[in-house]
Amino acid sequence: MFYKSIFKVGEWYMDNIVFSLDIGTRSIIGAVVEFAEKTMEIKAQFMLEHDSRTMYDGQIHDIPKVADGVIKVKKTLEDKVGYKLDKVAIAAAGRSLKTKKCSIEQEIDDAAEIDSFIVGSLEIAALQKIQQEIDSTDNEGEKYYCVGYSVVEYQLNGYPISSLIGHHGKKIGVEILATFLPDSVVNSLYSVLHRAELEPINLTLEPIAAIDIAVPEDIRMLNLALVDIGAGTSDIAITRDGSISAYGMVPIAGDEITEAIIENYLVDFSTAEFIKKQLSKGKEISYKDILGIVHKVTPEEVIQTINNSIEQLAEKIAVEILNLNQNKPPKTVFCIGGGAQLPGLCKKIAEKLDLPSQRVAVRGRDMLKNVVKIPKDPIGGSEGITVLGIASVAYKKSSNNFMTIIVNGKEYRLFDTKKITVANALGLIGYSPKNLIPVNGKDLIFTVNGVEKKIFGELGKPAEVMVNGVLANLQTVLKDNDKVVVKEAVAGRDAVLALRDLERVLDKKIDKENCIITVNGEEKPEDYLIKNGDNIKIMKKANSFGLSKDAGKNSDAQLTVVQDKTDADQEASIQNKTESKVLSNNRMTVTVNGRPVELNNNYKPILVDIFNAIDFNPSDKKGFLMLKVNGAPAGYTTPLKDGDVIEIYWDN
């Protein structure tokens, strides 16, 4: 069962129509293609050049401008076909390409006939093995996605075979060649489509798409090379023994020739592009330089000027072909893409590969089998191959390599070639990581009788993730059509302490009738909120001199400072029977992570008070902070009582 793009027209559907886009460095080509049993017919097509340099080396740099171009192409095609286009097949260029081969074998029941599901499972197992190898290597923080793979060889009971379907055997195997691109490349393509309100149904690599249509399977027994020379990159694919054996990429192409023209003729980029396109027409070229002076030049003169640049491009393409083809020249090289039309380029590639010049040729649509020809086709040259290959690959694709995920009620389409977790999905849709990270409230630090006291701010509440209504986490693996709800993290409140509640951090009760409390040398009302850096002193009144309660306010000589309990001498003084007792004990004991901890029971302690009594810094995040009291989940304000068992730990 082929997977096909489906477009709604009135009340019926067409399941043999594919809308494909070739988003290149210099242009966007769109085509609506109808597939029959043995033919493909172009129902509508349109090519639009970027009005500025929005892409470099096949990589999208200005997403909004590229999206505007895609929207224009889409609208033009919709006007031509008379219905809305909302699904599209695309391809990525080979920038930062990684290519890997993998062989895998599986034992099966020899009584069962091998079907497409068994073969598909075998290929996926091989693909996942390669993905694991890619993920385990140092990619400098960049994630890589598989954008296409080709079967090099099937095996049945240890022997090569062209197809497994319909056979019986005890052991089956496959060798695949998979290609990977950084997620930054894939995500930029997806962002463009999202802005254009297009749903991607298939993503492949440009050389995979091109070779699918330009090099039919019946001639892949030959050792051939296909080179897609665009503006930013030259993508290469090699065939041998009936399959695609290698992919590669040269990070230079037509733009290097354009830049050579700019330098030699003092023109802007668009004028240089115009001059380059006129070279193959054989007519005198008139142009205006950046000073406004009009010049005329022959194609031969321009070619002579840029000859070194063409030579370098041919050299790099030839070297990469040899590298991919075990240091041997292929039998033939097919050149496609707009850059393939550069005069003399094919001849120079042939020379570098030591091939007869006729063995390196430009391939246009006129050479394609099974494509219904268009009279005076405006995109019939080598630049029009890839867009048809993209459509062909999408039509033949047996499974959709995109998945639908609903996040907070909004639907997203994500590229799916491996296990996608909630974290992966949130990253791909651009969900702000700030919404996932709880921010703790500010701590309050002050001194009491010269001893520093610290009250921790309230811990922020972590984000909560639900998948299909069930509590999950960022590592939960998602499936197609899963519904994800993310409740944003909640910031913790800043630590607050009123003067009346000071005894909460002293571990003893203050005898307020017989003492004076000052803040930075001044008395403050009980509702005064302590600030960071405040210097608080607690002093008892010297009643032994027979002074009134108010006398101590005016004479420091008549006050005795009450030190913190850590000062043994002052503690002994406070406990002296001849003095008025300012602080009194009322203790309770709880168990924290297996160790007993004493708390002051005078002020009805809550769970957050534990952090002032144990060596545990909640600001030093090492995961999600878990709080439990007597085995049950607890919050910061959970009341504590004598004998409670408390657990505090990080959940990674």
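**Close-up views of a predicted model**

**View 1. Cys515 is a buried cysteine.** At 7% relative accessibility, Cys515 counts as buried, because buried means under 20% relative accessible area. The structure shown is a predicted model.

**View 2. Cys102 is buried too.** Its relative accessibility is 5%, so Cys102 falls in the buried class. A search of the whole structure turns up 0 disulfides.

**View 3. Helix α8 packs against helix α9.** Helix α8 spans residues 307–324, and helix α9 spans residues 345–353. Their axes lie 8 Å apart, at an angle of about 45 degrees. That angle makes α8 oblique to α9. The crossing of α8 past α9 is right-handed. From α8, the contact takes in Asn307, Ile310, Glu311, Leu313, Ala314, Glu315, Ile317, Ala318, Ile321 and Leu322. From α9, Leu345, Lys348, Ile349, Lys352 and Leu353 meet them. By type, the contact residues of α8 and α9 comprise 10 nonpolar, 1 polar and 4 charged.

**View 4. Helix α5 packs against helix α6.** Helix α5 covers residues 254–265, and helix α6 covers residues 269–278. The two pack at an angle of about 110 degrees, with axes 9 Å apart. Angles of 65 to 115 degrees count as roughly perpendicular, and α5 and α6 are therefore roughly perpendicular to each other. On α5, the contact is made by Gly254, Asp255, Ile257, Thr258, Ile261 and Ile262. On α6, Phe269, Ala272, Glu273, Ile275 and Lys276 take part. The contact of α5 with α6 divides into 6 nonpolar, 2 polar and 3 charged residues.

Methods. Residues numbered from 1 in each chain as written. Predicted model: local features only at pLDDT ≥ 70, side-chain atom pairs only at ≥ 80, totals over all residues. Heavy atoms only, no water. Axes fitted to C-alpha atoms, helices over the stretch in contact; angles between N-to-C directions. Helix = DSSP H or I, 4+ residues; strand = E, 2+ residues; numbered from the N terminus. Parallel < 35°, antiparallel > 145°, perpendicular 65-115°, else oblique. Left-handed = near helix turned anticlockwise from the far one by under 90°. Contact = heavy atoms within 4.5 Å. Nonpolar A, V, L, I, M, F, W, Y, C, P; charged D, E, K, R; others polar. Disulfide = S-S within 2.5 Å. Buried < 20%, exposed > 50% of the residue type's maximum accessible area, 1.4 Å probe, protein only.
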